[in-house]
Amino acid sequence: MSTKKVLGIDPGTGICGFGVVKFTTHKQPHMITAGVITTPAHTPVADRLLDIYESLEQIVAETEPDEVSIEKLFFNNNITTGISVAEARGVCMLVARKHNIPIYEYTPLQIKQTLTGYGRAAKKDMQEAVRKYLNMKEIVKPDDAADALAAAITHALMSRIQYRD
């Protein structure tokens with residue numbers, strides 16, 4: 001039986017979502033852990049990035065993921081927010097690379113389309129899709145954690161051939 005653990009990441013400087021899902025052939029996938037890394041708003045960016053780095057290091061050490069699925073950066077109108085998200089994303093990728101964990105990237109549109117069939121799905125629809133896919137009784141909160149789990153699930157679905165015996 002083939003098993004893989006995928007760490008999904010929804011990068012952000014203030015709130016960085018993470019979720020680890022265990023995928024086993026012929027079994028229901030299940031969540032190992034999910035949550036958010038939060039950093040105080042008025043803290044220097046370097047300190048916030050260090051917090052994210054140290055927290056992800058601990059998550060990787062505890063869960064030992066085989067692969068990382070991270071949301072690609074999507075710029076809206078606020079370039080300042082985009083830059084800080086890019087910095088957090090870089091730190092997340094650094095942690096994965098440091099541990100020789102393969103990194104896979106998916107756009108928000110790909111993740112939403114894969115889980116709901118609609119690329120502009122609302123947050124609550126994504127939370128519900130994650131709940132259903134993982135056969136959970138309640139939706140995962142906050143939505144950043146659900147988005148991270150959605151990234152992990154998307155990777156499993158997009159690369160399903162790797163999960164066959």
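Which hand does the crossing of α4 and α5 have?

Modeller: The crossing of α4 and α5 is left-handed. A crossing is called left-handed if the near helix is turned anticlockwise from the far one by less than a right angle, and right-handed if clockwise. This is a predicted model, in which local features need pLDDT of at least 70, side-chain atom pairs count only at pLDDT 80 or more, and totals for chains, interfaces and linings use all residues. Residues are numbered from 1 along each chain as its sequence is written, and side-chain values use heavy atoms, with hydrogens and water left out.

Start with the pair itself. Helix α4 covers 123-133 and α5 covers 143-158. Helices (H or I, at least four residues) and strands (E, at least two) are DSSP runs, numbered from the N terminus. Two packed helices are described by the angle between their axes and the distance between the axes. For α4 and α5 the angle is about 55 degrees, and the axes are 9 Å apart. Axes are lines fitted to C-alpha atoms, for helices over the stretch in contact, and angles run from 0 to 180 degrees between N-to-C directions. The two helices are therefore oblique to each other. Angles under 35 degrees count as roughly parallel, over 145 as roughly antiparallel, 65 to 115 as roughly perpendicular and the rest as oblique.

Which residues make the contact? From α4 come K123, M126, Q127, V130 and Y133. From α5 come D143, A146, D147, L149, A150, I153 and L157. Contact means heavy atoms within 4.5 Å. By class, the contact has eight nonpolar, one polar and three charged residues. Ala, Val, Leu, Ile, Met, Phe, Trp, Tyr, Cys and Pro count as nonpolar, Asp, Glu, Lys and Arg as charged, and the others, Gly among them, as polar.

Now the loop between α4 and α5. E138 lies there, and E138 is exposed, with a relative accessible area of 61%. Exposed means over 50%, buried under 20%, and partly exposed in between (1.4 Å probe, protein chains only). E138 and I70 are 68 residues apart in sequence and 24 Å apart in space, C-alpha to C-alpha. P142 is in this loop too. A cis peptide bond joins K141 and P142, with omega about -5 degrees. Most residues other than glycine have a negative phi, and most peptide bonds are trans.

Helix α5 also meets α3. Their axes come within 9 Å and cross at roughly 70 degrees. That makes α3 roughly perpendicular to α5. The contact uses Q110, I111, T114 and L115 of α3. On α5 it uses A150, A151, I153, T154, L157 and M158. These residues divide into seven nonpolar, three polar and no charged.

Look next at α3 (residues 108-116), whose buried residues are P108, I111 and L115. They cover an arc of only 65 degrees around the axis, which puts them on the same side of α3. That arc is taken from the directions from the helix axis to the C-beta atoms. An α-helix has 3.6 residues a turn, so residues three or four places apart point the same way. What covers the buried residues of α3 includes β4 (67-71), β5 (103-106), α4 and α5. After α3 comes G117, with a positive phi near 85 degrees.
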